[in-house]
Amino acid sequence: SSSSCVHVALLPSAGMGHLTPFLRLAATLSRHNCHVTLITPQPTVSNAESKLLSNFFTAFPHVNQLNLHLLPSSSSNGDPFFLQFDAIRRSSHLLHPLLSSLSPPLSSFVYDMTLTSPVLPVATAIGVPHYILFTSSASMFSFYSFFPTAAESLSDCDGFDIPGLSFLSKSLMPPQVLDREGVFRRLFMEDSPKLLKLHGVLLNTFEEFESKTLKALNLGYVVKDLPPVHALGPFVPCYEFEGLGERGEPLKWLDEQPHGSVIYVCFGSRTALEGKQIREIGDGLVRSGFRFLWVVKGNKVDKEDEENGLKGLLGTEILEKIRKENKGLVVKEWVDQRQILDHSAVGGFVSHCGWNSVMEAAFYGVPILGWPLLGDQRINAEFVVSNGGFGIWKKDWGWEGERLVRGEEIGEAIKELMSNESLVTKAKEVKVAARKAIGIGGSSEINLQKLTEEWKK
Ligand code: BUP
């Protein structure tokens with residue numbers, strides 16, 4: 001069926017963890033014959049984002065780019081990504097003239113979950129069906145949607161039951177949301193009740209993966225009258241615009257390694273661990289005895305990265321050890337994670353459990369050693385271990401910076417991950433299910449068809 005009359009506008013937020021799923025969704029919609037307008041807040045926070053965007057528009061020239069020139073942020077210190085959310089929020093009134101003059105007229109509008117409060121009134125005024133893309137798990141979404149109801153009760157208990165689901169321990173909840181004075185707490189309390197005003201919520205997950213949670217959400221058990229939650233994932237990594245150019249050193253190095261022998265280590269695009277923790281990881285990797293490919297980040301934003309070389313981050317001692325053992329490759333640059341996880345030499349993934357990384361591991365069938373550091377990551381890690389069944393995580397490692405996790409512990413956990421055959425089997429099953437969901441007749445494919453049909457009306 002042709003959806004040529006469907007015109008979808010997409011508005012991502014700051015950071016690769018938000019931009020990447022939006023671009024993958026844009027690519028998918030475009031392949032389903034939708035006309036797509038991608039709104040690009042300018043300037044971006046990181047070089048990685050601007051590079052990805054320019055690759056995207058080269059690969060999809062028929063996607064309409066609409067620049068949103070941001071008003072400068074009110075403050076210059078703080079988390080650069082959070083400042084950018086703030087700048088987008090403060091510039092959201094510029095959206096109305098941009099969007100209402102589009103031709104052909106819009107059929108629907110999808111914006112990032114962090115932009116709910118400022119964008120919802122604009123979307124309502126334009127009068128098209130509008131959705132948020134929630135860029136984390138359905139598990140995290142159930143917490144997000146239920147949280148305001150139970151927030152007060154948390155001061156004198158150690159968690160709460162999410163209706164239709166199970167007990168969620170406080171220890172898994174994002175610490176930033178538990179902090180009564182925190183900005184995230186305020187965001188949750190303010191934005192979550194507004195979910196009821198949306199036409200729906202889009203998720204990068206699939207029905208067979210988070211079935212219990214998706215059912216509870218869509219049957220109204222978690223929050224009564226919640227709009228439909230559409231599982232459209234996994235959002236497939238897209239060879240047409242991600243990692244354009246030649247295969248870099250990491251992939252060439254992987255080509256030389258035996259099947260399933262390498263542990264890949266990466267904590268996402270937003271986390272820079274402390275120097276002493278980085279050095280313990282180096283020690284742990286060497287102790288594990290396994291081959292490894294390790295992405296080290298010394299700064300939150302790549303634009304600031306120049307002055308901090310590998311030597312400065314790791315110290316000469318551990319670098320020397322790694323060099324002597326000749327089993328590991330350490331890189332500081334942006335890598336093509338998608339191609340790494342797809343490489344047959346990779347047998348395990350030490351991950352912070354950012355949701356994009358989890359879905360990529362699922363799509364490529366790679367077992368995870370979860371090391372959640374902040375935000376939604378423990379909820380995601382717990383899902384991977386308890387429901388997904390293709391990973392492990394160490395609850396006593398603490399949140400980011402809570403305690404120093406020693407090389408011995410890291411080495412042991414890696415051995416545990418790499419020697420567990422049942423995780424490999426489970427990861428393979430997940431991979432098969434993931435591919436089925438987005439194939440012809442698959443659950444996510446059907447969900448997407450239904451949505452675009454609705455948008456035609
Ligand atoms: Br670092 C890095 N190469 O070198 P998450 C990340 N990625 O391709 P985050 C690379 O960035 P949030 C690199 O494949 C994934 O698609 C990776 O998203 C890619 O974590 C994305 O995993 C990272 O969700 O974002 O960056 O912490 O905080 O929004 O979860």
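1. In this predicted model, six strands form an open sheet in the order E12-E11-E10-E13-E14-E15, and the pairing is parallel. Strand E12 (328–331) and strand E15 (391–393) are the edge strands, each pairing on one side only. Ignoring direction, neighbouring strands of the sheet are turned against each other by 15 degrees on average.

2. Within this sheet, strand E10 (residues 262–266) and strand E11 (residues 291–295) run parallel and are joined by four bridges. Tyr 264 has Leu 293 in E11 as its bridge partner.

3. Helix H17 (residues 407–418) packs on the sheet. The strands touched by H17 are E10, strand E13 (346–351), strand E14 (368–370) and E15. The direction of H17 makes about 135 degrees with that of E13.

4. Elsewhere in the chain numbering, helix H6 (residues 138–150) packs against helix H8 (residues 183–191) at an angle of about 80 degrees, and their axes are 7 Å apart. H6 is therefore roughly perpendicular to H8, because angles of 65 to 115 degrees count as such.

5. Which residues make the contact between H6 and H8? From H6 they are Met 140, Phe 143, Tyr 144, Phe 147 and Pro 148; from H8 they are Arg 185, Phe 188, Met 189 and Asp 191. By class, the residues of this contact divide into seven nonpolar and two charged, with no polar ones.

Technical notes: Residues are numbered from 1 along each chain as its sequence is written. This is a predicted model: local features need pLDDT of at least 70, side-chain atom pairs count only at pLDDT 80 or more; totals for chains, interfaces and linings use all residues. Side-chain values use heavy atoms; hydrogens and water are left out. Axes are lines fitted to C-alpha atoms, for helices over the stretch in contact, and angles run from 0 to 180 degrees between N-to-C directions. Helices (H or I, at least four residues) and strands (E, at least two) are DSSP runs, numbered from the N terminus. Angles under 35 degrees count as roughly parallel, over 145 as roughly antiparallel, 65 to 115 as roughly perpendicular and the rest as oblique. Contact means heavy atoms within 4.5 Å. Ala, Val, Leu, Ile, Met, Phe, Trp, Tyr, Cys and Pro count as nonpolar, Asp, Glu, Lys and Arg as charged, and the others, Gly among them, as polar. Two strands pair if DSSP finds at least two bridges between them.
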